[in-house]
Amino acid sequence: MSTIEKALEKGLDEAALDEVREEVETSAPSPTQYVPTGKPQIQIDVDRLRELGMLEPDAAHGQLAEEFRIIKRPILTNAFGQGGQQIQNANLVLVTSSLPGEGKTFTAVNLALSIAAERDKTVLLVDADVVKPSTSQLLGVDGRAGLIDILERRVTVADALLRTDIPKLTVLPAGRRHPHATELLASEEMNRLAQEMSRRYPDRVIVFDSPPLLATTQASVLAAHVGQVLLVVEAEATPQYIVKEAAAMLADCQVVGCVLNKTNQGFGLGYYAYYGYKYYNYGE
Ligand SMILES: Nc1ncnc2c1ncn2[C@@H]1O[C@H](COP(=O)(O)OP(=O)(O)OP(=O)(O)O)[C@@H](O)[C@H]1O
Ligand SMILES: [Mg+2]
């Protein structure tokens with residue numbers, strides 16, 4: 001029963017009801033309330049992003065900005081559109097690949113920056129590559145408490161999240177190295193954390209950078225917690241049978257998109273994106 005219905009049942013008069021209505025309306029959070037407040041805890045090193053040929057925050061134009069618009073749109077539609085209601089944890093997006101070096105970190109960070117530029121969305125970038133935390137290194141937060149420390153219950157989620165100077169971007173570092181990281185990522189605690197992250201803010205996307213699927217079991221373990229997977233494939237480098245093997249490991253995932261990275265199509269940044277769904281045919 002809603003607060004207003006309860007008030008009606010109590011027989012409140014119109015004036016008292018108006019007060020209740022006002023209280024209900026003002027207590028409903030507006031999208032901007034979900035933007036973390038307070039001083040940024042980390043500054044994004046824009047020069048470093050530029051050096052690496054990555055998206056610069058607020059870059060509205062250019063090849064890369066356009067490509068990430070193409071990549072993020074179906075992800076946002078799945079996460080927040082009507083069809084997304086059937087996808088569990090639809091706003092959790094795992095970025096992975098078959099092999100090392102195909103461009104997972106590049107894609108995860110750019111995707112997060114691109115989503116942070118949306119007017120009414122916020123984004124949490126999680127470094128879930130807990131063995132080789134490149135995202136944490138790139139953002140200068142390696143060594144800080146993070147995902148592993150939360151799973152070990154050494155810190156709370158609130159204490160580990162880092163606000164950045166990009167108002168809509170929050171970062172969760174990988175945290176300390178742990179010999180049983182895979183078991184922690186497969187744990188019930190990780191399941192609870194994924195659910196909590198997914199439900200906490202209705203306008204937030206959570207992007208996970210991860211290790212390669214065929215090198216460790218961590219990525220496939222993580223894939224079980226998320227609603228969407230983005231498989232990065234290095235064009236003209238990763239053999240087709242390898243991509244098929246990786247795709248087979250994602251067979252139980254609800255939505256799998258594919259980004260073809262580092263193509264040599266004559267584009268400025270040598271980057272070409274293809275985004276498909278589970279019906280994407282890997283060349284059978
Ligand atoms: N589209 C691209 N344009 C330019 N540089 C890129 C592109 N994709 C990746 N790179 C560069 O290629 C290198 C490897 O990319 P990245 O670190 O993102 O791969 P990864 O899949 O995360 O690797 P790992 O498996 O080691 O975590 C990096 O130096 C990155 O900056
Ligand atoms: Mg990486």
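Biologist: Which residues are the closest to ligand 1?
Modeller: This is a predicted model. In it, 19 residues surround ligand 1. The closest of them are Pro100, Gly103, Lys104, Thr105 and Phe106.

Biologist: Which helix gives the most to the shell around ligand 1?
Modeller: The shell is made up of six nonpolar, eight polar and five charged residues. Three residues of the shell come from one helix, spanning residues 104-116, and that helix gives the most: H5.

Biologist: Are the residues of strand S2 mostly covered or uncovered?
Modeller: S2 covers residues 122-127. Thr122, Leu124 and Val126 point one way from the strand, while Val123, Leu125 and Asp127 point the other way, and all are buried. With six of its six residues buried, S2 is mostly covered.

Biologist: Which residue of S5 is the bridge partner of Val123?
Modeller: Strands of a sheet pair through backbone hydrogen bonds, either parallel or antiparallel. S2 and S5 (residues 204-209) run parallel and are joined by six bridges. The partner of Val123 in S5 is Val205.

Biologist: Which residue of S4 is the bridge partner of Leu124?
Modeller: S4 takes in residues 169-172, and four bridges join it to S2, the two strands running parallel. S4 is also joined to S3, by two bridges, and there the strands run antiparallel. In that pairing Arg163 has Thr170 as its partner in S4. For Leu124, the partner in S4 is likewise Thr170.

Biologist: Which strands stand at the edges of the sheet?
Modeller: Seven strands form an open sheet with mixed pairing, in the order S3-S4-S2-S5-S1-S6-S7. Two strands, at 162-163 and 255-261, each have a single partner strand, so one side of each has no neighbour in the sheet. These edge strands are S3 and S7.

Biologist: What angle does the direction of helix H4 make with that of S7?
Modeller: H4 (residues 63-80) packs on the sheet. H4 touches S1 (92-97), S5, S6 (228-234) and S7. Its direction and that of S7 make an angle of about 170°.

Biologist: Why do the buried residues of helix H12 line one face of the helix?
Modeller: In H12 (residues 240-249), the buried residues are Val243, Ala246 and Ala247. An α-helix has 3.6 residues a turn, so residues three or four places apart point the same way. On the other side of H12, Tyr241 and Ala248 are exposed. The buried residues line one face because, seen down the axis of H12, they fall within an arc of 100°.

Biologist: Which strand do the buried residues of H12 pack against?
Modeller: The residues in question are Val243, Ala246 and Ala247. They pack against S6.

How values were computed. Residues are numbered from 1 along each chain as its sequence is written. Chains are lettered from A and ligands numbered from 1 in the order in which they are written. This is a predicted model: local features need pLDDT of at least 70, side-chain atom pairs count only at pLDDT 80 or more; totals for chains, interfaces and linings use all residues. A residue is near a molecule or strand if its C-beta atom, placed from the backbone, lies within 6 Å of it. Ala, Val, Leu, Ile, Met, Phe, Trp, Tyr, Cys and Pro count as nonpolar, Asp, Glu, Lys and Arg as charged, and the others, Gly among them, as polar. A residue is buried if 20 or more other C-beta atoms lie within 10 Å of its own, exposed if 12 or fewer, and partly exposed in between; C-beta atoms are placed from the backbone. Two strands pair if DSSP finds at least two bridges between them. Two residues are in contact if their C-beta atoms, placed from the backbone, lie within 7 Å. Axes are lines fitted to C-alpha atoms, for helices over the stretch in contact, and angles run from 0 to 180 degrees between N-to-C directions. The arc is that of the directions from the helix axis to the C-beta atoms.
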